[in-house]
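Please look over the sequence and the structure first.

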Amino acid sequence: MKTLHLNSNDKNAITTAAEILRSGGLVAIPTETVYGLAANALDGEAVKKIFEAKGRPNDNPLIVHISSLEEINPLVESVDPRLYKLAEKYWPGPLTIILKKSDLIPDEVSPNLDTVAIRMPSHECARAIIRESGVPLAAPSANASGKPSPTKAAHVIEDLDGKIDAVIDGGESDVGVESTVVTLVTDPPTLLRPGGITPDQLVDVLGELNISSAVYEKLKDGEQAQSPGMKYKHYAPSAQVTIIRGSFENYKKFLLAQKDTVCAVCFEGEGKHFEKYIEYGKKNDEFSQAHSLFDALREVDAMGCKRAFVRCPMSEGVGLAVYNRLLRSAAFRIIDLDIKIPVIGLTGQTGSGKTTVAAILKENGCAIVDTDILARKAVENPEVIAMLCKEFGDDIIENGVLNRRELARRAFATKEGTEKLSAITHPEITRLSVELIHKAYESGAKAAVIDAALLFDSPLACLCDKTVSVCASENIRLERIMKRDGISENDALLRMNAQPPAEYYTEKSDIIINNDGTNDLKEQLSEVLNDT
Ligand code: TXA
Ligand code: MG
């Protein structure tokens with residue numbers, strides 16, 4: 001299908017769009033929140049096409065758009081007086097209100113529900129099209145399902161060109177995130193999705209308001225979504241998105257410590273420190289953040305970055321909507337770099353006795369973050385497993401369980417494979433490590449000790465206030481490894497030689513612990529223990 005590219009300034013654009021809509025076609029229209037993919041809401045067959053074009057799960061209901069209040073009556077069972085109060089203050093505008101639906105609403109609009117969501121957009125072009133069509137318009141955001149919502153006609157074209165009848169370019173969407181969704185069917189009313197109208201603005205009119213837990217949290221397994229659109233992952237570019245909390249200083253340090261080229265999605269004026277960056281709005285201005293968020297997320301893919309680290313937005317007012325969307329595009333992955341406990345990095349060659357030193361630190365009130373354990377935990381994460389399957393083949397999963405031996409066989413066969421495995425698992429190990437550091441603080445530990453053989457090859461090194469290397473002479477290490485792992489001298493030597501030389505550790509560490517068995521370890525650790 002050839003998609004007609006119209007412009008809202010063209011004389012005939014509105015009438016052409018209205019004709020297409022009346023005859024059961026699909027038109028992407030500009031609204032003040034995001035672009036919508038519209039069809040006649042009273043024509044079930046037309047509405048079906050929306051789901052097909054977007055690849056949208058068909059249990060996800062659509063919003064019905066109107067251009068004046070009189071259009072509401074036939075669409076609902078009865079009009080709740082609170083709707084008029086909300087409408088008086090916030091319509092036309094970025095607010096969607098859910099009521100019990102009438103029989104006029106076809107099943108396709110809100111499958112399996114007895115309710116319908118209604119909104120009157122403030123964008124002149126959108127309302128003109130509704131008026132001209134003479135029918136209410138069902139319209140979800142005009143993106144391919146799962147992708148960031150479109151705030152420009154170019155975004156719509158990127159996702160849907162050739163799949164819809166027309167798109168009307170009406171400039172950039174002003175708000176930039178989708179409307180606030182509130183249901184009046186529950187008592188008190190419930191905020192299902194934050195957006196351009198803030199919770200405080202709703203409370204002003206409604207008095208009481210519940211906030212659905214899905215606004216902040218991911219659904220538990222098997223939990224029914226009050227608003228099916230608030231699924232686990234959504235609004236996501238192809239790149240992996242991680243939200244970074246904390247100061248800009250920490251953000252910068254952490255990003256510059258990454259081994260691959262990542263995209264910094266930061267605030268105005270901050271980008272110059274990074275090789276690849278996109279700025280989304282001003283630091284203390286949630287409106288500007290909302291306005292440019294989705295465009296920025298799309299830009300990440302256009303830049304060809306595999307990973308993006310996004311500065312955490314404010315979560316008040318309209319910022320709640322920005323935070324809510326980002327949480328989903330990041331599949332709830334957040335790293336909080338506002339660390340409130342001293343962090344010690346512990347490293348050393350195999351056989352140097354790092355574990356013994358860790359045990360002493362533990363006895364003395366430190367919490368150990370064992371990255372070997374976390375490396376095993378990392379491959380339990382479904383998202384990591386999905387990435388591993390993509391890289392190494394679906395058959396590394398056997399009867400629903402990851403076959404670690406097979407994965408190792410395939411990954412370690414080549415240097416390239418080993419690097420790919422690290423690129424997938426290391427970010428998750430880092431995230432889990434930071435999570436444990438926060439837990440260490442909460443449990444009252446004196447310090448968190450990151451135990452990592454290759455600490456200096458990891459961004460975790462940048463979190464350490466102090467680094468400690470454990471050293472031992474070659475003979476002693478050889479003996480220890482043979483005994484510990486029950487292997488021959490040759491095999492032990494092979495392992496030792498595969499590791500970086502002693503200088504690699506000693507040059508980079510603040511403190512060197514000699515663990516030949518001759519010196520008292522605790523005494524050597526006194527500097528570490530006294531300082532923390
Ligand atoms: O700003 C917006 O609302 C944009 C523009 C185009 O108006 N539209 C939009 O539509 O964001 P969509 O389909 O991407 O999101 C609609 C949200 C979904 O989370 C959906 O689950 C929820 O509203 N929704 C729609 N009808 C509902 C209903 N009857 N009950 C509960 N949730 C409903
Ligand atoms: Mg959407």
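## Basis of the report

This is a predicted model, in which local features need pLDDT of at least 70 and side-chain atom pairs count only at pLDDT 80 or more, while totals for chains, interfaces and linings use all residues. Residues are numbered from 1 along each chain as its sequence is written, chains are lettered from A and ligands numbered from 1 in the order in which they are written, and side-chain values use heavy atoms, with hydrogens and water left out.

## The chain as a whole

The chain has 19 helices and 23 strands. Helices (H or I, at least four residues) and strands (E, at least two) are DSSP runs, numbered from the N terminus. The C-alpha trace spans about 90 × 50 × 45 Å along its principal axes.

Of the 532 residues in the chain, 55% are buried. Buried means under 20% relative accessible area, exposed over 50%, and partly exposed in between, with a 1.4 Å probe and protein chains only. Taking contacts (heavy atoms within 4.5 Å) between residues at least 6 apart in sequence, 70% join residues at least 24 apart.

## Helices α8 and α9

Helix α8 (residues 286–302) packs on helix α9 (residues 319–329) at an angle of about 25°, and their axes are 8 Å apart. Axes are lines fitted to C-alpha atoms, for helices over the stretch in contact, and angles run from 0 to 180 degrees between N-to-C directions. The two helices are therefore roughly parallel to each other; angles under 35 degrees count as roughly parallel, over 145 as roughly antiparallel, 65 to 115 as roughly perpendicular and the rest as oblique.

The crossing of α8 and α9 is left-handed. A crossing is left-handed if the near helix is turned anticlockwise from the far one by less than a right angle, and right-handed if clockwise. On the α8 side the contact is made by Glu286, Gln289, Ala290, Leu293, Phe294 and Leu297, and on the α9 side by Gly319, Val322, Arg325, Leu326 and Ser329. These residues divide into 6 nonpolar, 3 polar and 2 charged. Ala, Val, Leu, Ile, Met, Phe, Trp, Tyr, Cys and Pro count as nonpolar, Asp, Glu, Lys and Arg as charged, and the others, Gly among them, as polar.

## Helices α11 and α14

Helix α11 (residues 371–378) meets helix α14 (residues 415–442) at an angle of about 120°, with axes 9 Å apart. That angle makes α11 oblique to α14. The crossing is right-handed. Residues from α11 in the contact are Thr371, Leu374, Ala375, Lys377 and Ala378, and those from α14 are Thr425, Glu428, Ile429, Leu432, Ser433 and Leu436. They divide into 6 nonpolar, 3 polar and 2 charged.

## Helix α12 and its ends

Asn381 lies in the loop between α11 and α12 and is buried, with a relative accessible area of 17%. At the start of α12, a side-chain oxygen of Asn381 reaches to within 2.7 Å of the backbone nitrogen of Glu383. Beyond four places in sequence, Asn381 touches Glu428 and Arg431.

Within α12 (residues 382–392), the buried residues are Glu383, Val384, Ile385, Leu388, Cys389 and Phe392. They pack against α11, β19 (397–398), α13 (404–411) and α14. Just after the helix, Gly393 has a positive phi of about 105°.

## Thr3

Thr3 is in the segment before β1 (4–7). Its relative accessible area is 6%, so Thr3 is buried. The Thr3 side chain reaches the backbone nitrogen of Gly162 at 2.7 Å and the backbone oxygen of Ile164 at 2.7 Å. Among the residues that Thr3 touches, leaving out those up to four places away in sequence, are Leu160, Asp165 and Val167.

Most residues other than glycine have a negative phi, and most peptide bonds are trans. A cis peptide bond joins Trp91 and Pro92, with omega about -5°; Pro92 is in the loop between α3 (81–90) and β5 (95–100). Another cis peptide bond joins Asp187 and Pro188, with omega about -10°, and Pro188 lies in the loop between β9 (180–183) and β10 (190–193).

Ala331 is not a glycine but has a positive phi of about 45°. Phe332, also not a glycine, has a positive phi of about 65°. Ala331 is in the loop between α9 and β16 (334–336), and Phe332 is found in the loop between α9 and β16. Ala331 is buried at a relative accessible area of 7%, and Phe332 counts as buried at 16%.

Definitions and conventions: A polar contact is a pair of N or O atoms within 3.5 Å; within protein, one must be able to donate a hydrogen and the other to accept it, and residues adjacent in sequence count only if both atoms are side-chain atoms.
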